[in-house]
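Here is a short briefing on one structure.

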Amino acid sequence: MTQLPAKQSSNQSTNQSAATRSSQDLHLRGIVKEFPGSTGVVRAVDSVDLDIEAGEFLTLLGPSGCGKTTMLRMIAGFEDPTSGSIFLGDQNIGALPANRRPMAMVFQNYALFPHLSVAGNVSYGLKIQKRSKPEIAESVEMALMTMNLNGLADRDPHQLSGGQQQRVALARAMVMKPDVLLFDEPLSNLDAKLRVHMRNEIRDLQQRMGITSIYVTHDQEEAMALSDRIVVMNKGRVEQVGTPGELYLTPSTVFVADFLGTANFLDVRVESFGGDWAKVSVFGETKEVRAHPDAQSSAQRVLMVRPEALTVAAVDEATANATVLSASYLGARAELRLESQEGELIAVTSDPEPDQMPRAGDPVLVSFDGARTYLLPN
Amino acid sequence: MAQRTSVLVDSLEVVAPTKRKRSWGLRLGGLVPVSVLLVGLLFPLFRIFVHVLDDETWPKLTGFFSQEVNRQTVFHTMELGVLVGFFGVVVAFLFAYVQTQLDVPGKRILHLIALLPIVSPPFAVATAVIVLFGRNGMLSSQLLGITHDIYGLDGLTLVLVLSFFPVVYMNLLGMMQRLDPALVEAAKNLGAGQFTVLRTVTLPLLVPGFASGFLLLFVEAIADLANPLVLGGNYTVLSSRAYIAITGEYDLGTGAILSLMLVVPALSVFLLQRVISNRKSVVTVTGKPSGSPQYLTGWAKWPPYVVGVAICTLIVTIYATVIAGAFTRVLGVNNEFTLDHARYIFSGVGSEAMFDTLRLALIATPIAGLLGMVLSWMIVRKLGRSRGAVDFLSMMGIGIPGTVLGIAFLLSFRNPTKLFGVTVLPAFAGGSTFLSGSLAIGLMFLIRSVPASVRSGVGALQQIHPSIEEASTSLGATDTVTFRRVTIPLIRPALISGLSFGFARSMTTLSPIVFLVTPDTKIMTSQILGEVDGGRFGNAFAFCCVLIVFVAVVLGLIRLIVGDGALRRTKKRTSPTPKKLVPTPQTAGQI
C-alpha cells in the first residue's frame, strides 16, 4: 500500500476557512453498495474508505459506471449502503434520512422547481426550516447577489439561460449553509466556454465560504481545476486518492495514468532498482527514472511518459530513432504521432510554428527527461 | 490494484447501516386508496366467483356451453368486439392520417368533430341512428327509400365504432405527431417514394398503437350495455343477456355466470393491451426530432380526406338529430316544435335524476382525484416490487366491464358482509339501505374515475425528473412535505384534466349504475334507458342534451381554471428538466 503524502495542499485552504464556519470532517468506512441486476447482484461500490477534511474540495472522478454517483447519493442519503458507515464528525449519519442530513446537493439537471420562481426556489429550504420572513428575505437576497442573479428573483426557471439556472441551483444549495455541499456533474449540461467559467465561480465560492464539497465528474480537466484532492474510481473501487499533481505525475496504476491526461506506456527493461528510482534501458540507452514503490516487487512494469516529457528533434535518417506518423497543429501546441521501436508514441510540443510542422514520414530523434517519467507496476 | 486511503479512525466502527424508517403518515396515506380499491373492486369481483361456485349455480355453469343459445351469445359478443376493434382502428388511423400527413382545408374542425363522441352520453348515438336509419328512418327510408334493418350487428358496429374511436384516434395522433420527421427524410434520401415510406417506415412504427387500439376497442365493445339494449334487436350479447337475467328474471346466478363469461376475455385483453402499450415506444429512439413534417402531395391526399369529411358529416348529423329531437314532438313522425321534453326534464322525475347524478358525481370526482394522486405517486416513485400490482389494481376499474361490476356490487353490498358471524360491512346497495343506495352508486363512480386520474397522474409524474423531488428532500423536506409542496403542484393540471374526463364518465356511464339505482336515487342514464325503452325518444334526447351541456360546461370550466395546456397534458411547466422519454400511448387513452 502506498504511503500518500496526502492533504498538505488542502490544509492551507482548510485552515483559513475553518475560521469562518465550523464544518466537520466526513468519514466513509467500508462502504459497499449492491444492486440487483439481471445477471445477479451488481456491486456498484466496493469497500470504499474515504476521509474528507472539513473545508476540503474533493472530487470523485471516474468513467461512467464506476460508482461515483452512487457514492455521492449514499452520502446524500438517497441510497442506503448495503454495508458500511458514514460519519459526519463523530456522528454516524447512516440512519438519518436525506432530508435531515446537513447537506445540500446541486443536481446535474439543476432540478429547479418549475412551479416556483427563482426566489421561490432559493427560499424553499429556508421555508421548510420555518425561518422568519425577514430572515428568509435577507438570505435569499444575499444568495442571489452572490450568484449575480440580481433582478431575476421573480422569473420562472424556464425563462432563464442554462448558466443562470445553474446559478439558481447553486444559490438554492448555498443558502442552506450546509455542512457539506454535493455536486452531481453540475456542469455537464453547459457548453464548453460556460463550463470553464462556472467551474471557476464554483471554486471561488467554495473557497470563500469554506464549505466541505464533494464533486462528481467524469471530466478530468474539471476535476484538476477544482479539487484539493481527487478520488479516482474504477469499477466501484478507489484506484487512488491524491492532489491533482500527485495523480498526474506519480499515478499508482496504469488506469489512473491513462485516465488523467494522455500517457505513453513503454515496455522497458529494468536494469536495477534503488528505492524510489530505477535504471531502465530504453531507446537503446540506460536512464534513471522515478519508480513507484511497488514497481520492484511487481512481475511486470511499464514506464509512463507524458507527451510533454518527450523531446522531438528533426534529424537525418542515420541518427533518427522514430518517424512521424502525423502532426496536428493545435495553436498553443502541436501533437505528434510517432512510430518508434518502443511502439507508437504521442508527443506534444508547445508554441509550434505552423509552417514548420513535421510531415508524415520525417525522421526524428526522440528523447525524454527521466525525472518527468514514472515506472509503474502493471 | 485498489488502494485504501489513509488510516482508519479507530473510534469509528464499521457497522451495518440502519434501515431508515419511512414516515407513518405516508404509509397510512398509501393504505387508504389501496383499501378502497380492495373493498370496491377486488372484493365484489371475488364475490362473483364465490357465487358461481354456489351449489345452485355451479351446475348451470358446467352446462353453459351445451346450450346453443349460450354458445351463440358468446360468439356474438366476440364477433362484435373484433369488428368494432378492426373498424375503429381503421377510422381512428384515417383521422390521424388526415391530421398529420395531409395538407387539406378544415383540419382543425375535423379534429374537433372527431373528439365529440368522447363526451356523448350513451343512447345519444344509438337513438339518433334509429331515428335516421331505423325501420322508418328519416334518411334511409323516408329520403332514400331503403328498407334495410339497422337493428343487429351492422347497426351495433356502426354505433360502437362512432362512439369509441376517438380515444384510439387521440393515441394514434400522438404517436404520429411524435414520429421524427428525420426518419421520413432518411427514407426518402435513400430513395423511397411517399407510399413506400408509408408502407416501410410509418405503418410499422405504428403497429403497437394499432394493436393497443384494437384491444382497447374490443374491451369497450364487449363491455357496452346501452347500445346492445337499444339497437341489438335479436342480436344478443353477454352484457344485454346479463342485464335481462338480473332485471327481468331476477336470476342472480345466471347473471353471475354471464358476468364471469364477460370478465374473463375482458380482463385478459385488458392485460394484453397494457403489456403492449407499456412497452417502450420505438417511435422516439434517440436525439431531438428534427426537420419539419412533410405532407403527402398529389391526388392521393383526397380519398382519405373525403372519407374523413363524410364520417364527420355523419357525426354532426347525429348530434343535430339529438338536439332537434329534444325540441320536436316525435322527430321524423311529427316534427312540430315543443318544449314538453325540456319541461319533463327540468321538473319532476327528470330533475330529481339530474340532481342526484350531479351531486354524486361531484362528490365522487374530487375523492377519486385525491386517491389517484396518491396512487400514481406511489406507483411512479415509492413502490418497489408491489408497483405492478398496485398499478394494475388501480387501472382495473375500467378493465372490468361495467355490467360485471354492477352485478358484482349487487352481489356484494345488497346484504351485510359478515366475517365469522360479525358484520364487517353493512349493506349499502339498494333502496332500503342508508341514503337509499346512493353510497353504492357513489362508490361506483369513484372506482370508475380512479383509473383516469391515476393514468394522468402517472403520465405527469413520469415527465418530472426524480431529481426535482430529491432536491426538495436534500433541502430538508420530508416525503410528506415534498409531496404537498412539489409533487402536487406539478401534477395538478394533468390530474384535473384526467378528473374532468372521470367526471364526464361518471355522468354518462350506464352499465354499472343500472343495477344500483333505486326509487329514491335516480341516475340520468338509467332514466334515459327507461325513456328509450318506452319509445319516448324526445325525453331521451332532452336528457342527452342536458348531459352534453353539463359535461361541456365542466370541461370548459376546467379549461378556464387550469389553462389551455391542461387538456393536452402539462408539458411546458416542467420545462427546465430534460424530458424523460415516456412510453407514448395511453395517457389520453384509458379514460
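A nonpolar core is a set of buried Ala, Val, Leu, Ile, Met, Phe, Trp, Tyr and Cys residues joined through side-chain atoms within 4.5 Å; buried means under 20% relative accessible area with a 1.4 Å probe, protein chains only. This is a predicted model: local features need pLDDT of at least 70, side-chain atom pairs count only at pLDDT 80 or more, and totals for chains, interfaces and linings use all residues. Residues are numbered from 1 along each chain as its sequence is written, chains are lettered from A and ligands numbered from 1 in the order written, and side-chain values use heavy atoms, without hydrogens or water.

**Cores**
- The largest nonpolar core has 249 residues; A:L50, A:M71, A:L170, A:L182, A:I214, B:F95 and B:I400 touch the most other members.
- Helix α15 of chain B (residues 349-382) gives this core its largest share, 15 residues.
- Another core lies apart, with 23 residues, including A:A309 and A:L345.

**A:R172**
- A:R172 is buried but has no salt bridge (Lys or Arg side-chain nitrogen within 4 Å of an Asp or Glu carboxyl oxygen).
- The nearest side chain of opposite charge is B:E470, 9.8 Å away.
- The side chain of A:R172 reaches the backbone oxygen of A:A111 at 3.0 Å, and a polar atom of that side chain lies 3.2 Å from the backbone oxygen of A:Y110.

**B:A542**
- B:A542 is buried, at 6% relative accessible area.
- B:L339 is 203 residues away in sequence, yet 9.6 Å from B:A542, C-alpha to C-alpha.

Technical notes. Buried means under 20% relative accessible area, exposed over 50%, partly exposed in between (1.4 Å probe, protein chains only). Lys and Arg count as positive and Asp and Glu as negative; His and the chain ends are not counted. A polar contact is a pair of N or O atoms within 3.5 Å; within protein, one must be able to donate a hydrogen and the other to accept it, and residues adjacent in sequence count only if both atoms are side-chain atoms. Helices (H or I, at least four residues) and strands (E, at least two) are DSSP runs, numbered from the N terminus.
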